[in-house]
Amino acid sequence: MRRHLLGIEQLDKEQLYNYLDNAKSFVEVSNRELKKVPALRGKTIINLFLESSTRTRASFEIAGKRLSADTINISGTDSSVTKGETLLDTARNLQAMSPDAIVVRHRESGAANFLAKHLKNCAIINAGDGMHEHPTQALLDCLSLRQHFAEREKGIEGLRIAIVGDIRHSRVARSNIFAHKLLDNEIHLVAPPTLLPPNVESIKEFGPKVKIFHSLKAGLEGADVVMVLRMQLERQTDNFVPSLEEYCANYCVSERILSRYAPNSIVMHPGPINRGIELSSEVADGKRSIIERQVTNGVAVRMAVLFTLCAGNITQEEK
Ligand code: CP
């Protein structure tokens, strides 16, 4: 049976660490002068991006090329979706050309699961579906944390992670909540009530170590990691905050507030950043930020995912 990567929710801890271990070896490949291995020679990967992307799309393409796969990119604007073709018809037609994997980004939650249900001959990799999951983002975030804490001779379990901002609309938040639940980390969700999922306290899948805060100061207290989220204005169908100015006054993560309430924290952001709205430039570009490391690690993590799902009988040692 074909394996897919649809979300972190379906992974167990061993699978999470397997991806991170594989990614570590691909970090080494990306640091070589010749950044290419023959691991996926003869394999074909289609990147079907029907919603905009810079980081995920570029890094999946680079990842495929570094593994010597043939990679094809299709975006919403240059596909027959603009002529009214359905997602399923588009994907079935692509599958008819025998790709080994289709990497899909789509604005609808569940799009990747839908394709996995209907396509039997290729792996489906979720590159972000609506407000549901963005599993490779959570994996690259975990890899970045693992590197950071390993440099301080620490692991990535038993941490306090504050996730701040538009959690309601964030697939990055959901995937990270599931990842940090597996890692037994304490998760602080920090947002105004309107930017949290409805009835967030009773979402059993999030587990018992999730705590809710409406005060930025209280939510940041003692955090090891502050994960700042973008205000997802394109998904907001209502006025979720009175104004961006008011949101910024209460929730923008600044050096002043971090140095007081989470002085030893590091700061992450999945990008793209709305500078001065959810995060100050001083923090984004400052010494706490591991944002560029996150982007760098996107390539290694996506190499690990493509390798795991497409290599077939090729063993890890042969790559
Ligand atoms: N983090 C992330 O998914 O960025 P892109 O939308 O640019 O891919």
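Start by selecting Asp184 and Lys209: their side chains meet in a salt bridge, 3.6 Å from N to O. (A salt bridge here is a side-chain nitrogen of Lys or Arg within 4 Å of a carboxyl oxygen of Asp or Glu.) The two sit 25 residues apart, with Asp184 in the loop between helix H6 (171–182) and strand S6 (186–190), and Lys209 in the loop between S6 and strand S7 (210–213). Helices (H or I, at least four residues) and strands (E, at least two) are DSSP runs, numbered from the N terminus.

Before you click on, know that this is a predicted model, where local features need pLDDT of at least 70 and side-chain atom pairs count only at pLDDT 80 or more, while totals for chains, interfaces and linings use all residues. Residues are numbered from 1 along each chain as its sequence is written, and side-chain values use heavy atoms, leaving out hydrogens and water.

**Next stop: Arg146 and Asp21**

Here the closest N and O atoms of the salt bridge are 2.8 Å apart. Arg146 belongs to helix H5 (residues 135–150) and Asp21 to helix H1 (residues 13–30), so the pair ties together parts 125 residues apart in sequence. (Buried means under 20% relative accessible area, exposed over 50%, partly exposed in between, using a 1.4 Å probe and protein chains only.)

**Now a pair within one helix**

Pick Glu61 and Lys65, another salt bridge, with the closest N and O atoms 2.7 Å apart. They are 4 residues apart in helix H2 (residues 55–66), so about one helical turn separates them.

**Colour the two domains**

How much area is buried between domain 1 and domain 2? It is about 2800 Å², and carbon and sulfur atoms give 59% of that. (Buried area is the accessible area, with a 1.4 Å probe, that two parts lose on being put together, summed over both.) Show Ile8, Leu20 and Met131: they supply 22% of the area domain 1 buries against domain 2, more than any other three residues. The rule also finds 3 salt bridges across this interface.

**Last stop: strand S4**

Select residues 123–129, strand S4, where 7 of 7 residues are buried. Its neighbour S3 (residues 101–106) pairs with S4 in the parallel sense over 5 bridges; strands pair if DSSP finds at least two bridges between them.
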